[in-house]
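Here's a quick briefing to read alongside the model. Have the sequence and the coordinates open as you go.

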Amino acid sequence: MKANFSFAIIVTVLATQCLSVLCAADDFDFFYFVQQWPGSYCDTKRKCCYPKTGKPAADFSIHGLWPNYNDGTYPSNCNNDNAFEKSEISDLIGSLEKNWPSLTCPSSDDTKFWTHEWDKHGTCSESELDQHEYFEAALKLKEKVNLLQNLKNAGIKPNNEFYSIDSVKEAIKEAIGFEPGLECNKDSSGNSQIYQIFVCVDTSGSELIECPVLPRGRCASQVQFPSF
């Protein structure tokens with residue numbers, strides 16, 4: 001009886017340690033790969049600041065690669081002991097500055113943005129990707145999805161014109177094979193704008209999949225694609 005009691009205590013302790021340290025990082029079902037349109041971001045936040053490297057290109061930029069659960073919830077800040085280390089991604093800095101810039105004020109060298117994304121989201125995917133692999137996966141996904149070119153191929157351009165939300169979704173689905181999620185913002189005039197686009201990725205961080213659940217994007221039937 002005493003031995004069984006001791007064993008039960010050990011199991012309980014291990015389970016608690018797992019829940020507090022490992023389980024949250026290991027347990028996720030898919031990634032959201034999220035890109036944002038800088039022209040809409042600046043309207044959404046009322047103001048924006050370009051990074052110290054200068055104004056980003058007029059292209060969708062990476063917001064993040066977010067581990068998610070099939071029920072729409074997500075883990076966050078899974079391992080405070082594995083802090084962001086810029087030296088681990090030194091070979092990716094040039095590509096990250098181009099494709100994953102920060103538009104928050106005041107202007108920065110983007111490190112704060114990358115740190116936030118790794119600490120909140122990246123640490124929850126450590127069972128699959130280390131820090132270098134996490135950022136490299138996001139860069140490869142941006143190239144693979146190629147949102148702006150796919151929209152342009154369908155005649156949808158960042159020229160301040162309005163397009164049906166269905167045509168935007170269909171253009172992306174036609175190009176990548178899976179339905180995307182769209183999030184819209186409203187500018188100072190109340191226009192609904194293309195803001196963020198979500199696609200779903202398997203737990204390896206490499207293969208696009210059908211989204212188990214799509215975010216609610218608060219988009220009107222007609223959305224503006226603002227210039228930048």
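E207 counts as partly exposed, at 43% relative accessibility; the label covers everything between buried (under 20% relative accessible area) and exposed (over 50%), with a 1.4 Å probe and protein chains only. This is a predicted model, where local features need pLDDT of at least 70 and side-chain atom pairs count only at pLDDT 80 or more, while totals for chains, interfaces and linings use all residues. Residues are numbered from 1 along each chain as its sequence is written, and side-chain values use heavy atoms, with hydrogens and water left out.

**Salt bridges**

- E207 pairs with K144 in a salt bridge, with 3.7 Å between the closest N and O atoms. E207 sits in the loop between β5 (192-201) and β6 and K144 in helix α5 (residues 131-145), so this pair ties together parts that are 63 residues apart in sequence. Helices (H or I, at least four residues) and strands (E, at least two) are DSSP runs, numbered from the N terminus.
- K144 is partly exposed too, at a relative accessible area of 44%.
- How many salt bridges does a search of the whole structure find? The search turns up four, taking a salt bridge as a side-chain nitrogen of Lys or Arg within 4 Å of a carboxyl oxygen of Asp or Glu.
- As background, side chains of opposite charge can pair when their charged atoms come close.
- D109 and K86 form another salt bridge, with their closest N and O atoms 3.7 Å apart. D109 is in the loop between α3 and α4, and K86 is in the loop between β2 and α3, so the pair links parts that are 23 residues apart in sequence.
- Both ends of that pair are partly exposed: D109 has 37% relative accessibility, and K86 has a relative accessible area of 32%.
- E183 forms a salt bridge with R218, and here the closest N and O atoms are 3.6 Å apart. With E183 in strand β4 (residues 181-186) and R218 in the loop between β6 and β7, the pair ties together parts that are 35 residues apart in sequence.

**A negative patch**

- D166, E170, E174, E179 and E210 form a negative surface patch. Patch members have over 30% relative accessible area and no salt bridge; like charges are joined within 9 Å, and nonpolar side chains (Val, Leu, Ile, Met, Phe, Trp, Tyr) within 5 Å.
- Lys and Arg count as positive and Asp and Glu as negative, with His and the chain ends not counted. The place of each charge is taken as NZ of Lys, CZ of Arg, CG of Asp or CD of Glu.
- E210 is in the loop between β6 (208-209) and β7 (222-224), and its relative accessible area of 42% makes it partly exposed.

**Two glutamines in β1**

- Q36 belongs to strand β1 (residues 30-36) and is buried, with 3% relative accessibility.
- Setting aside neighbours within four places in sequence, Q36 contacts Y41, D59, F60, S61, H63, Y195 and Q196; contact means heavy atoms within 4.5 Å.
- Q36 and I197 are 161 residues apart along the chain, yet their C-alpha atoms are separated by 6.4 Å.
- Q35 is found in strand β1 as well, and at 2% relative accessibility it is buried.
- Not counting residues up to four places away in sequence, the residues Q35 touches include K142, V145, L147 and I197.

- Where is the cis peptide bond? It joins C105 and P106, with omega at about -5°; P106 is in the loop between α3 (93-99) and α4.
- D110 has a positive phi of about 80° although it is not a glycine. D110 lies in the loop between α3 and α4 and is buried, with a relative accessible area of 1%.
- N77, another residue other than glycine, has a positive phi, near 45°. N77 is in the loop between β2 (61-68) and α3 and is partly exposed at 42% relative accessibility.
- T115 is in helix α4 (residues 111-120) and is partly exposed, at 23% relative accessibility.

Technical notes:
Areas by Shrake-Rupley, 256 points an atom, 1.4 Å probe, with all protein chains shown as cover.
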